[in-house]
Amino acid sequence: LSESTLDRVHIEQGLHADRALKEGAMKTLHKRCAGLDVHKKEVVACLRLVVRGKANYEVRRFPTTTRGLLELAEWLEQAGCTHVAMEATGVYWKPVWHILEGRFQQILANAAHIKGVPGRKSDLNDATWIADLLAHGLIRASFVPPQPIQELRDLTRTRKQLTREIV
């Protein structure tokens with residue numbers, strides 16, 4: 001299939017998923033989860049809780065400072081959140097991931113797959129949409145290497161950069 005055909009298929013699947021999510025036709029896998037839209041200076045978080053069969057949403061914004069991310073983690077823990085999915089460009093996800101690691105099941109969403117779904121016009125909508133997709137198990141996760149491998153990669157990048165500066 002051509003790339004444009006694949007894009008149309010993803011958009012059509014997204015439209016069907018959107019309709020199914022709104023109609024409540026899909027089974028909820030995670031009753032207490034959150035969607036995070038991560039930016040350089042802030043994280044928009046949508047906590048999605050199913051109470052008496054109905055999804056309730058609470059959206060908050062947190063700065064990407066250590067203090068702000070710890071407040072995010074505390075808020076999610078107090079609500080009994082079990083799963084978190086985040087979408088970010090570049091490396092902005094890393095500090096968020098590290099603060100939340102060990103507290104929740106995490107998924108780093110592949111932005112290209114989530115962005116293909118039409119109808120999202122704001123960060124608030126993005127975070128809510130990510131939470132809905134996560135609740136129904138519809139997010140394809142990006143690979144996040146284990147901590148020792150991440151540290152080795154960072155060390156290798158630093159060494160490479162220092163070598164370039166010397167030459």
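Reader: Which residues are linked in a network of salt bridges?

Author: A salt bridge is a side-chain nitrogen of Lys or Arg within 4 Å of a carboxyl oxygen of Asp or Glu. Here Lys94, Asp154 and Arg157 are linked in such a network. This is a predicted model, in which local features need pLDDT of at least 70 and side-chain atom pairs count only at pLDDT 80 or more, while totals for chains, interfaces and linings use all residues. Residues are numbered from 1 along each chain as its sequence is written, and side-chain values use heavy atoms, with hydrogens and water left out.

Reader: How far apart are the closest N and O atoms of Lys94 and Asp154?

Author: They are 4.0 Å apart. Lys94 lies in helix α3 and Asp154 in helix α6 (residues 147-166), so the pair ties together parts 60 residues apart in sequence. Helices are DSSP runs (H or I, at least four residues), as are strands (E, at least two), numbered from the N terminus. For Arg157 and Asp154 the distance is 3.1 Å; being three residues apart in α6, they are separated by about one helical turn.

Reader: How many disulfides does the structure hold?

Author: A disulfide is a pair of cysteine sulfur atoms within 2.5 Å. The structure holds zero. The sulfur of Cys33 has its closest cysteine sulfur in Cys81, 6.5 Å away, too far for a bond.

Reader: Is Cys33 buried or exposed?

Author: Buried means under 20% relative accessible area, exposed over 50%, partly exposed in between (1.4 Å probe, protein chains only). At 0%, Cys33 is buried.
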